[in-house]
2 protein chains.
Amino acid sequence: MRVVKKADERRNEILDAADELFGQKGFDGTSTNDILERVGIARGTLYHHFKSKEDIMDALIERYNVRLLGAAQEIAADKSIPVVERIIRVVMALNISGESSSKEIMEHIHKPQNALMHQKIQRVIINGVTPILTGIIREGIEQGLFSTPFPYECMEMVVTYANTVFDDDIVTMTNEERGSRILAFVCNVERLLGAESGSLMDAMQMFGRGDGSSYE
Amino acid sequence: MRVVKKADERRNEILDAADELFGQKGFDGTSTNDILERVGIARGTLYHHFKSKEDIMDALIERYNVRLLGAAQEIAADKSIPVVERIIRVVMALNISGESSSKEIMEHIHKPQNALMHQKIQRVIINGVTPILTGIIREGIEQGLFSTPFPYECMEMVVTYANTVFDDDIVTMTNEERGSRILAFVCNVERLLGAESGSLMDAMQMFGRGDGSSYE
DNA sequence: TTCAACCGACCGACTGCCTGTCGGTAATAC
DNA sequence: GTATTACCGACAGGCAGTCGGTCGGTTGAA
């Protein structure tokens with residue numbers, strides 16, 4: 001049976017299927033046949049819309065990236081929110097939009113099969129999130145909250161670390177270890193930014209629930 | 001023609017070939033046939049010694065890991081070397097032994113094809129190097145050089161960042177950017193460790209060549 | 001010293017799967 | 001009515017891993 005749809009619609013159908021399948025079985029573990037079957041199209045159709053399997057992954061990451069950074073950017077630009085609160089909200093948005101916009105992608109990245117996808121997303125996050133946060137930090141410096149000659153490099157370090165250690169399973173942790181890791185992390189960020197000791201910690205406990213279990 | 005060798009010897013021949021080929025063409029880009037051809041053995045022989053292609057990679061990383069961390073550990077344990085100097089020497093050893101012990105592996109990890117290998121090595125480095133450096137930091141704390149309640153977490157952050165930003169091509173940089181990135185990095189490390197401002201920077205310029213082009 | 005049994009190293013044809021291609025067909029737009 | 005665009009599915013080429021069988025060195029008994 002032959003069903004014709006608009007290119008955009010088909011493209012998104014394929015991406016939705018790939019999103020779910022890559023999440024469940026990983027990129028390498030998912031064959032193009034799996035995708036064809038789920039969408040209900042023929043091989044040729046898939047390769048009409050995407051030039052390769054990897055191209056599908058790149059499109060998936062791009063789609064994800066736009067949604068994720070868009071939400072974060074919006075909050076970051078709202079100068080009516082105090083600096084520290086805004087930082088926390090941006091970080092929270094990065095988690096939440098990760099859940100809602102892309103059904104499975106963030107939850108299943110951590111499987112070892114998905115190394116390539118993970119690396120690509122890491123690149124997007126580090127190079128996308130860092131400038132957004134740096135902008136807020138600069139405001140904080142003007143207001144005398146922070147003090148560092150290297151706001152960008154600081155945030156790059158913070159984002160890289162959080163993204164690797166808290167998101168990945170590169171470092172395996174018990175829940176307890178995780179808690180103390182987060183405590184240490186916040187203190188270290190305060191030092192890097194030259195913030196008053198405890199200033200970030202206090203704000204965090206006001207907003208995020210104290211356990212911080214889903215941080216970044 | 002049939003040549004019989006001891007299992008260990010064959011195993012290492014295969015690993016040497018894989019080392020070079022993975023370095024040149026990446027893991028995915030190297031077929032088992034490539035390896036067979038270079039070693040001069042049949043398919044069955046390869047699978048007599050290794051249970052899968054990924055098993056070869058794991059063995060390669062293990063071999064690399066032992067050599068790399070062994071060298072670093074040795075230096076770290078030498079308490080006759082002053083703390084700051086020892087840190088720099090350990091970091092240098094991580095670079096140098098990367099060149100000498102494993103011909104190609106470190107130079108070619110950065111190709112996108114090698115994401116899985118890279119992730120595995122990253123895990124090994126973060127979980128292996130951090131405790132070694134933390135030991136030295138603890139000595140530094142006792143001597144009053146550093147001051148932090150979280151030496152392990154500090155070093156985890158430092159190692160993770162350096163390994164991601166300076167080793168990978170996740171962040172693309174010009175040489176100039178690289179230099180300023182290193183400058184900022186050293187200052188940030190001083191802050192994290194609670195070291196006197198400039199104390200690490202000075203030591204670095206004494207030892208490593210000032211440009212620090214091959215740092216970590 | 002000889003011989004036979006054994007075992008681990010080795011072989012290569014084969015299977016099944018996978019990605020990407022291509023010539024052709026049907027539906028839609030103009 | 002024609003051009004474009006979405007769609008189809010058979011096919012080619014290459015891949016990892018399997019398996020039944022072969023060969024050579026070693027060991028121990030005759």
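Predicted model: local features only at pLDDT ≥ 70, side-chain atom pairs only at ≥ 80, totals over all residues.
In chain B, helix 9 (residues 175-193) and helix 10 (residues 199-206) have axes that come within 8 Å and cross at roughly 130 degrees. Residues are numbered from 1 along each chain as its sequence is written, chains are lettered from A and ligands numbered from 1 in the order in which they are written, and side-chain values use heavy atoms, leaving out hydrogens and water.

**How the helices are defined**

- Helices are DSSP runs (H or I, at least four residues), as are strands (E, at least two), numbered from the N terminus.
- Axes are lines fitted to C-alpha atoms, for helices over the stretch in contact, and angles run from 0 to 180 degrees between N-to-C directions.

**Where helices 9 and 10 of chain B meet**

- On the helix 9 side, the residues in contact (heavy atoms within 4.5 Å) include B:Ile182, B:Val186 and B:Leu193, while helix 10 brings B:Ser199, B:Leu200, B:Met201 and B:Met204.
- This contact has 9 nonpolar, 1 polar and 1 charged residues, where Ala, Val, Leu, Ile, Met, Phe, Trp, Tyr, Cys and Pro count as nonpolar, Asp, Glu, Lys and Arg as charged, and the others, Gly among them, as polar.

**How the two chains are related**

- Chain B superposes on chain A by a rotation of 180 degrees with 0.1 Å of shift along its axis (RMSD 0.1 Å), using least squares on C-alpha atoms of residues with pLDDT of at least 70 in both.
- That is the relation of a two-fold axis.
- B:Ala115 is the residue of chain B that comes closest to the rotation axis, at 2.7 Å (C-alpha).

**Around DNA strand C**

- DNA strand C is surrounded by 25 residues, each with a heavy atom within 4 Å of the strand.
- These residues divide into 8 nonpolar, 10 polar and 7 charged.
- Helix 3 of chain B gives the largest share of this surface, 5 residues.
- A polar side-chain atom of A:Arg43 lies 2.7 Å from a base nitrogen of DNA strand C.
- The side chain of B:Thr45 has an N or O atom 2.7 Å from a phosphate oxygen of DNA strand C, and B:His48 likewise has a side-chain N or O atom 2.7 Å from a phosphate oxygen.

Note on methods
Polar contact = N/O pair within 3.5 Å; in protein donor to acceptor, adjacent residues only side chain to side chain.
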